[in-house]
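Here are my notes on the model you sent over. Have it open while you read.

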Amino acid sequence: MTSLLFSSVVAQAQAQAQENEDGIDVSGTVRVNYAYKDYDQASKDKGGDVTFDMAAIKFNGKLGEWGLASEYRFYDGWQALRFGYGFYDVNPEWQLQFGVTQKPFGNPGFISNSFWFGVPYYLGFEDDYDLGVKGVYKNGAWGTEIAFFKNAEYGASRADRYSTDLYSGVVNGTEYNNEETNQLNLRQMYEMTYEGGSANLGASVEYGQIYNNKTGNNGDRYAVAIHMDASYNSWNLQLQAMQYEYDAADAIDSNKIAVAAYNWQYEIAAKAQAYSVNLAKTVTTDWGSLKLYNDFGMVTPDVADDSFDTSYQNVTGCAIAAGPTYTMIDFIVGKNMYASTRDNGHLGLPEIGDSWDKRVNINFGYYF
């Protein structure tokens with residue numbers, strides 16, 4: 001399981017592209033990954049594994065008031081569009097985006113510093129891209145984003161995708177027939193500035209339908225979040241609290257639902273709260289920079305079945321930027337957590353075993 005393109009490079013690249021008056025910029029990425037799992041005997045015997053992570057090609061730029069932003073990724077054995085949309089600058093305050101664009105929910109960009117994402121990603125609420133239209137408004141300290149997404153960027157039976165979306169298929173012996181459709185998002189932000197830094201305060205709301213492609217009936221889903229991204233000198237603090245619920249029609253088990261991302265499918269609690277607390281410090285050097293961080297997340301299931309257990313993930317790491325390279329060194333500790341622990345089949349479901357599992361991940365990227 002691999003994870004994200006580091007947030008600072010993406011944000012800077014997209015911002016720079018939208019500021020260009022004319023021209024399309026083409027860039028790319030190549031990444032390799034080292035992983036060591038203390039709970040996997042083969043990994044311990046070999047001292048971990050080095051694998052090809054991915055290669056990506058990106059297009060960003062403007063021609064007059066119109067622009068384009070797109071990224072396509074090639075992984076080992078599969079490939080997927082991360083995002084791809086056109087945009088139009090209506091005026092200095094308003095921008096319209098059309099296509100596969102990031103849904104405005106939670107902390108803008110990422111609610112994580114690490115390569116491993118925060119827990120909202122695995123629930124479908126961090127760096128998620130869907131197909132629709134979005135309006136972005138910015139005036140002084142206030143920022144508003146409103147969007148309508150007709151559906152996810154790929155069909156629900158496809159697991160080889162970048163974003164985490166509802167999955168239609170058999171997972172752990174349970175048949176799911178769910179598809180995302182007709183989704184509304186609203187995110188309101190306010191930037192408070194002070195000597196030495198700033199704080200972005202915000203709240204997000206999401207509501208959509210869940211179509212059952214076997215019975216033809218519709219269920220619904222919602223999510224709400226409050227979030228903050230604050231900086232002071234070289235320090236950064238991210239806080240987020242959210243609640244979500246997937247209420248699928250004709251569900252075999254209303255306590256859980258299936259999602260898919262990164263060429264795999266798994267189950268999550270159908271209703272839960274998720275909390276994120278991330279702290280980072282950036283140190284500049286003559287040759288680049290170091291970002292030291294600790295990202296903590298937990299998911300507390302809120303379903304009728306009281307056997308469902310809380311999931312935890314903590315990532316302590318360091319990101320090293322030097323020239324065109326960016327390396328992320330992460331120590332991941334997880335309990336009952338998908339992709340971080342011995343049991344990779346779920347998040348927020350009844351725990352198998354009672355251990356904190358650990359792994360080391362090093363991701364090296366070259367950006368051009």
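In what order do the 4 strands of the open sheet run? Keep in mind that this is a predicted model.

1. The order is S8-S14-S15-S20, and the pairing is mixed. At the edges sit strand S8 (165-166) and strand S20 (346-347), each pairing on one side only.

2. Have a look at how S20 is attached. Strand S15 (residues 264-269) runs parallel to S20, and 2 bridges join them. Within this stretch, glutamate 267 stands opposite histidine 346 of S20.

3. Leucine 347 is worth a click. Leaving aside residues up to four places away in sequence, Leu347 touches Tyr122, Leu123, Glu267, Ile268, Ala269, Val299, Ser311, Asn336, Met337 and Tyr338.

4. Now the nonpolar cores. The largest has 57 residues, and Leu347 is among those with the most contacts inside it, along with Tyr122, Leu123, Phe125, Tyr244, Tyr246 and Ile268. Strand S4 (residues 79-89) supplies the largest share of this core, 5 residues. Another core, of 6 residues, lies apart from it and includes Tyr167, Val171, Tyr176 and Ala258.

5. On aromatics, the structure holds 27 pairs. In one of them, the ring centres of phenylalanine 115 and tryptophan 116 are 6.5 Å apart and the planes are at 45 degrees, so the pair counts as tilted. Phenylalanine 115 is buried, at 0% relative accessible area, and tryptophan 116 is buried too, at 0% relative accessibility.

Methods
Residues numbered from 1 in each chain as written. Predicted model: local features only at pLDDT ≥ 70, side-chain atom pairs only at ≥ 80, totals over all residues. Heavy atoms only, no water. Core = buried A, V, L, I, M, F, W, Y, C linked by side-chain atoms within 4.5 Å. Buried < 20%, exposed > 50% of the residue type's maximum accessible area, 1.4 Å probe, protein only. Contact = heavy atoms within 4.5 Å. Phe/Tyr/Trp six-rings, centres within 6.5 Å; stacked < 30°, edge-to-face > 60°. Pairing = 2+ DSSP bridges.
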